[in-house]
Amino acid sequence: MSDSKLLRGTMILTAATFISKILGLIYIFPFSAIVGQQGLALYAYGYLPYTVILSLATMGVPLAVSKFVAKYNALGDYYTGRRLFRSGLVVMSITGFMAFLMLFFMAPVISTWIIKDPSELQGSSMDDMIFTIRMVSTALIIVPIMSVIRGYFQGFQSMGPTAVSQVVEQIVRIIFILSLTFLIVGVYQGNIGTAVGFATFGAFVGAIGGLSVLLYYWFKRKELLNRQMSESTIDHQISLKKMYRELISYALPLSFVGLAIPLYQLIDLFTFNKALMASGVSQADAEVAFGVFSQSSHKLILIPVALATAFSITLVPTITKSFIDGDEKLLRKQVTQTYQIILFLTVPAAVGLSILSYPAFGVLFGFADVEIGGSILRYYAPIAVFFSLFAVSAAILQGMNKQKYAVIGLVIALVVKLASNYWAIYSLGAVGGVLTTYVGYAISIAINVWAIGKFANYSYRFILKRFLLISIFVAVMAIVVIVLKHVLELVFPMTGWLNALIILIPSIAGGGFVYLFFTVRSHLAGHILGHRFSFLRWKKKKSEAQ
């Protein structure tokens with residue numbers, strides 16, 4: 001397959017992932033309006049264990065299968081990839097069903113890990129938690145099967161089926177969640193716990209939609225795929241044992257690194273409420289704080305993360321090629337470009353969101369919990385930079401086939417997070433959970449950055465200079481945003497949704513204009529994004545001509 005087709009396919013898949021993440025953010029606003037922050041906390045009680053078990057059940061299968069199939073297709077052996085596909089469907093069906101049974105029957109035990117003493121419940125009931133976990137567990141029957149089909153198509157550098165199925169899965173899921181929760185709570189005045197339980201069942205319904213799309217593509221392309229296989233003259237006759245050994249060698253590092261955010265959230269899930277309640281906070285207030293921390297604020301933070309990685313991740317296939325070809329100069333250039341995009345996009349977004357945390361939270365999630373929501377978001381927003389740097393540095397190491405260092409860094413970070421999380425939350429409140437997340441990601445990023453520097457022979461001097469320049473422009477932007485925010489608050493006290501919106505929009509516009517003005521005038525934007533945004537390159541050329 002040509003490099004252009006590979007890059008185009010990667011961009012399609014990245015765009016679909018970005019759209020899915022944005023849709024996953026947008027639905028949270030009406031959903032939280034229906035069920036509240038405690039409802040979001042209950043939703044997290046079910047969804048976080050599901051996410052981790054799903055990752056363990058699939059073990060990075062889509063990427064691993066695509067890598068395996070692509071390798072043997074390139075050798076002209078289409079039989080081996082097809083055998084893996086058939087076998088993988090059976091294996092994933094079994095592991096998915098076993099994962100479903102495990103989560104379904106472990107639901108009462110997991111609930112006690114979240115809330116130790118059910119006799120003192122003031123928020124979500126134990127029955128609500130068990131019901132929610134069991135409802136979301138049903139998706140494990142289908143999603144692992146989808147992962148094999150997606151991986152098989154991706155092995156042919158065909159990203160369309162995966163991209164379309166991801167978006168359709170998300171749309172179907174969101175429609176189901178919002179319509180059913182509105183009917184249960186808004187129309188029939190039902191219980192919040194019941195509504196949230198059925199909301200998590202949306203994962204199963206969405207998976208049906210995604211699987212339907214994949215099956216459509218399969219039957220549409222089956223004749224062509226069969227013809228390719230029949231015309232193949234090479235068959236390596238690899239045993240299933242050897243085949244799976246190779247697959248696992250691809251899958252395990254990819255799976256574990258992809259689990260970073262869910263594993264952090266899982267540690268918070270089992271320590272957050274207990275630590276807050278031990279410090280004297282009621283369970284209801286602890287659940288509100290956890291809902292804000294794990295869902296509302298987290299979803300907002302993922303906007304700049306998704307945007308930055310959408311631009312930078314398209315460089316990873318070319319990084320892989322440069323490393324294999326031994327072209328160190330090009331590899332260093334691509335790494336530099338990736339880091340620059342991340343810093344250019346996430347640093348101003350994170351700082352701006354931190355400054356405007358209270359009006360942003362009030363506008364998007366209402367004023368019922370704006371004090372705790374704005375407070376947590378203020379401290380948590382800068383983690384967007386850490387999330388982005390970890391994801392991209394791990395992807396670069398993957399491209400260099402040095403992903404074991406990302407795994408080592410993540411293990412150390414998780415141990416530190418696990419050891420310190422309860423104490424930090426007990427001592428500092430909800431902000432303690434934010435602090436330990438910062439420390440953990442800082443450790444992982446430091447190890448990743450060191451490994452890239454060592455194995456790519458990469459010097460960070462230029463990136464540090466760029467970071468300093470970006471920081472200066474962001475500091476000017478922050479001053480403008482703070483001044484605008486305070487002036488507007490004198491005229492429009494933040495007592496309601498409309499006033500918060502009036503504060504938020506001019507502050508964002510003013511800050512964004514200042515940052516864009518300085519980065520364009522200094523040619524920084526043109527250097528970093530010029531090839532993506534032609535008007536920035538035009539401005540640069542025009543100024544140079546003068």
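Here is a walk through this chain, from the overall fold down to a few individual residues.

What you have on screen is a predicted model, in which local features need pLDDT of at least 70 and side-chain atom pairs count only at pLDDT 80 or more, while totals for chains, interfaces and linings use all residues. Residues are numbered from 1 along each chain as its sequence is written, and side-chain values use heavy atoms, with hydrogens and water left out.

Start with the big picture: the chain has 23 helices and zero strands. Both are DSSP runs numbered from the N terminus (helices are H or I, at least four residues; strands are E, at least two). Of the 546 residues, 53% count as buried, where buried means under 20% relative accessible area with a 1.4 Å probe, protein chains only. As for contacts (heavy atoms within 4.5 Å), take those in the chain with a separation of 6 or more: 83% of them are between residues 24 or more positions apart.

Now for the inside. The largest nonpolar core has 151 residues; such a core is a set of buried Ala, Val, Leu, Ile, Met, Phe, Trp, Tyr and Cys residues joined through side-chain atoms within 4.5 Å. Helix α2 (residues 28-58) gives the most to this core, with 17 residues. F31, Y50 and F344 have the most contacts inside the core. Setting aside residues up to four places away in sequence, Y50 touches L103, V136, A139, L140, V143 and A203.

A203 also turns up where helices α7 and α9 meet, on the α9 side. Helix α7 (residues 160-187) and helix α9 (residues 202-231) pack at an angle of about 150°, with their axes 7 Å apart. The axes are lines fitted to C-alpha atoms over the stretch in contact, and angles run from 0 to 180 degrees between N-to-C directions. That angle makes α7 roughly antiparallel to α9, a label for angles over 145 degrees. Among the residues making the contact are V168, V172 and F176 of α7 and G206, G210 and V213 of α9.

Two more residues are worth a look. A406 lies in helix α18 (residues 403-428) and is buried, with a relative accessible area of 1%. Its contacts, neighbours within four places in sequence aside, are V257, A394, L397 and N448. The C-alpha atoms of A406 and A394 are separated by 5.6 Å, though the two residues are 12 apart along the chain.

T437 sits in helix α19 (residues 430-455). Why does T437 count as buried? Because its relative accessibility is 2%. Not counting residues up to four places away in sequence, T437 touches Y264, D268, F293, I383, F387 and K417.

Methods. Buried means under 20% relative accessible area, exposed over 50%, partly exposed in between (1.4 Å probe, protein chains only). Angles under 35 degrees count as roughly parallel, over 145 as roughly antiparallel, 65 to 115 as roughly perpendicular and the rest as oblique.
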